[in-house]
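Hi,

Here is the model I promised to pass on.

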Amino acid sequence: MSYRKDQGRYARMAAFWALLSLAAYGCFHGGGLSDLLENWLGASNQVFVDPFPILKTLKTSTLLALGALAAIAFSIHSILNRPRVADALIETEAELMKVTWPTWGEAWQGTLAVTAMVVILFAFLTVADLGLIKVMLMLMGGA
């Protein structure tokens, strides 16, 4: 199935970059794939460039993790472009375009209303709980 160039573009890009960010975190964060490969390779983990931007040093383990990340990126791209997944993302973006988003003032008023209700319910439940504790102590003869 062929899609127009901008059909579902933002939802598909957001899904791709979010999933790729998670994969990159798993590859390069402490204890991730790069560190596991570094421990596994041991002394044969050759350093190619030191220092290397963002990754600190470019080693064999880093190159293998980058290769794995590239393969994951290709897989994510191909999965997101399958007709069923792409249709779901396109429909999601279309529905989000129909949403009437609140203005900053409306959001602030809603936040204040919710905060006021939480404080009122907190006070009511605190007083009710303390009253029930007093009643229970009087009934049990502990007061």
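Predicted model: local features only at pLDDT ≥ 70, side-chain atom pairs only at ≥ 80, totals over all residues.

Cys 27, leaving aside its neighbours within four places in sequence, is in contact with Gly 32, Leu 33, Ser 34, Ala 65 and Leu 69 (contact means heavy atoms within 4.5 Å). Cys 27 sits in helix α1 and counts as buried because its relative accessibility is 4%; buried means under 20% relative accessible area, exposed over 50% and partly exposed in between, with a 1.4 Å probe and protein chains only.

Residues are numbered from 1 along each chain as its sequence is written, and side-chain values use heavy atoms, with hydrogens and water left out.

Back to α1, then. This helix covers residues 9-28, 20 residues in total, and reaches 28 Å from its first C-alpha to its last, close to the 28 Å expected at 1.5 Å a residue (the expected span being 1.5 Å times one less than the number of residues). Helices here are DSSP runs of H or I with at least four residues, strands are runs of E with at least two, and both are numbered from the N terminus.

Which residues of α1 are buried? They are Ala 11, Arg 12, Ala 15, Phe 16, Leu 20, Ala 23 and Cys 27. These cover an arc of only 150° around the axis, which puts them on the same side of α1; the arc is that of the directions from the helix axis to the C-beta atoms. Tyr 10, Trp 17, Leu 22 and Tyr 25 are exposed on the other side of α1. The cover over the buried residues of α1 includes α2 (33-41), α3 (60-80) and α4 (83-98).

Now the whole chain. There are five helices and two strands, and from the N terminus on they run α-α-β-β-α-α-α. The radius of gyration is 28 Å, well over the 15 Å that the globule rule gives for 143 residues, so the protein is more spread out than a compact globule. That radius is taken over C-alpha atoms, and the rule is 2.2 Å times the number of residues to the power 0.38. Along its principal axes the C-alpha trace spans about 75 × 50 × 30 Å. Buried residues make up 20% of the 143. Of the contacts with a separation of 6 or more, 54% are between residues 24 or more positions apart.

Helix α5 (residues 104-140) has 37 residues and reaches 53 Å between its first and last C-alpha, close to the 54 Å expected at 1.5 Å a residue. Gly 141 follows α5, and its phi is positive, near 80°.

Two other spots to look at. Asn 45 lies in the loop between α2 and β1 (47-52), and it counts as buried because its relative accessibility is 10%. The side chain of Asn 45 reaches the backbone nitrogen of Thr 60 at 3.2 Å. Leaving aside neighbours within four places in sequence, Asn 45 is in contact with Glu 38, Lys 59, Thr 60 and Ser 61. Then there is Pro 51, found in strand β1: the peptide bond from Asp 50 to Pro 51 is cis, with omega near 0°.

Cheers

Definitions and conventions. Polar contact = N/O pair within 3.5 Å; in protein donor to acceptor, adjacent residues only side chain to side chain.
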